[in-house]
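Subject: Structure handover and notes

Dear colleague,

Please find below the structure that I promised to pass on, followed by notes on what was found in it. I would be grateful if you could read the notes with the coordinates open beside them.

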Amino acid sequence: MKVTVAICTHNRAKDTGEAIESILAQSFDKKEIEIVVIDNRSTDHTAEVVYGLRRYHGSRIRYVLEQKLGLSVARNRAIKEAKGEYILFLDDDALASHLWVQHIVDVFESDPAIGCVGGRIDPIWESQEPDWIPREYRSVFTILDYSNEVQEMPSPSIPYGANVAFRTSIFDHIKPFREDLGRVGNNLLSSEESELIARLRESYKVYYTPYASVQHKIAKERTTKTWFLKRMFWQGVSDAVKRQDRSLLVVVKHTIRMGMAIVSSLFSIFHFKTFIRQVMKICYRNGSLMGILRYNSRG
């Protein structure tokens, strides 16, 4: 088996079915692709959707129920289940382009030192893209357009989890995703990809190809200011948990910077885009403090 496409899902039956169908339509040799759906304790009809497609397309679609909740847990289960030489992760709310698998494989096979490949991610907005979002923060919505050509991604640039692939053999000697990072239920904990890729870079190259593109659905509820600021808060939590730094100096640093952002927001309250940037910083620093004081204390 050349390729395992892993789709990890939680209560997105319809989207998961559409993601699977985008893989079934790939130009790549169908005998060389398996689709592994990791159902992370869904309570909707995800299983029925997957088994319905399996009846028509056979054993190349596998359904695996993972009872322990957590995106990193589901991804690690996918790695254990994978039979392919390469494992390609596709979000359950993403649609792969027709040549997606072929372009990912082409990059891997150009150099055995390449351990990770990512591709372009284009948004499908359920409603209109908000005009208040600063352009430098669009990546929060898992949008990626890194380059117009195939090239290595130097640190700290990384592919995003909606469209990222790994040489499966690397996990024989590199630990997979940290399970204290990544989404669990309704929280927005993240940074599991960046942490893994940072470790991977010690031995392997990370590449990007614009040709292996996917479309990523962005639900209407994710375009509200409430969701956006919540996402910034959880990014602060994620970064703190990833660094595992519980020193008093770091707590003081984040407290001072949050205070500075609060003061700056008061002076920019009538300049909306400047104001929203300061509020983002406040949410991020608040999340960082939460990550240090609450999550890291569990260690």
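Predicted model: local features only at pLDDT ≥ 70, side-chain atom pairs only at ≥ 80, totals over all residues.

H5 covers residues 192–200, and seven of its nine residues are buried, which leaves the helix mostly covered. Helices (H or I, at least four residues) and strands (E, at least two) are DSSP runs, numbered from the N terminus.

Residues are numbered from 1 along each chain as its sequence is written, and side-chain values use heavy atoms, with hydrogens and water left out.

Turning to the nonpolar cores, each is a set of buried Ala, Val, Leu, Ile, Met, Phe, Trp, Tyr and Cys residues joined through side-chain atoms within 4.5 Å. The largest has 61 residues, of which Val5, Phe89, Leu90, Trp100 and Phe166 touch the most other members. Helix H4 (residues 100–108) gives the most to this core, namely six residues. Apart from it lies another core, of 22 residues, including Tyr137, Phe228, Ile276 and Val279. If residues up to four places away in sequence are not counted, leucine 90 touches Val5, Ala6, Ile7, Cys8, Ala19, Ser22, Ile23, Ala96, Trp100, Ala162 and Val214.

Valine 252 lies in helix H7 (residues 248–267) and counts as partly exposed because its relative accessibility is 38%.

As for charged pairs, a search of the whole structure finds 20 salt bridges, each being a side-chain nitrogen of Lys or Arg within 4 Å of a carboxyl oxygen of Asp or Glu. In one of them, glutamate 179 is paired with lysine 68, with the closest N and O atoms 3.6 Å apart. Glutamate 179 lies in the loop between E8 and H5 and lysine 68 in the loop between E3 and H3, so this pair ties together parts that are 111 residues apart in sequence. Lysine 205 forms a salt bridge with aspartate 111, where the closest N and O atoms are 2.8 Å apart. Because lysine 205 lies in strand E9 and aspartate 111 in the loop between H4 and E6, the pair ties together parts that are 94 residues apart in sequence. Aspartate 111 is buried, with a relative accessible area of 18%, whereas lysine 205 is partly exposed at 28%.

A network of salt bridges links Glu34, Arg62, Glu66, Arg77 and Glu81. Within it, the side chains of glutamate 81 and arginine 77 meet at 3.1 Å, N to O; both residues lie in helix H3, four residues apart, about one turn of the helix. Glutamate 66, in the loop between strand E3 (61–65) and H3, is buried at 12% relative accessibility, and its side chain is joined to that of arginine 77 by a polar contact of 3.0 Å.

Finally, some backbone details may deserve a look. The peptide bond from serine 155 to proline 156 is cis, with omega near 10°, and proline 156 is found in the loop between strand E7 (151–152) and E8. Asparagine 11 has a positive phi, near 60°, and is placed in the loop between strand E1 (3–9) and helix H1 (13–24). Threonine 142, in the loop between E6 and E7, also has a positive phi near 60°.

With best wishes

Note on methods
Buried < 20%, exposed > 50% of the residue type's maximum accessible area, 1.4 Å probe, protein only. Contact = heavy atoms within 4.5 Å. Polar contact = N/O pair within 3.5 Å; in protein donor to acceptor, adjacent residues only side chain to side chain.
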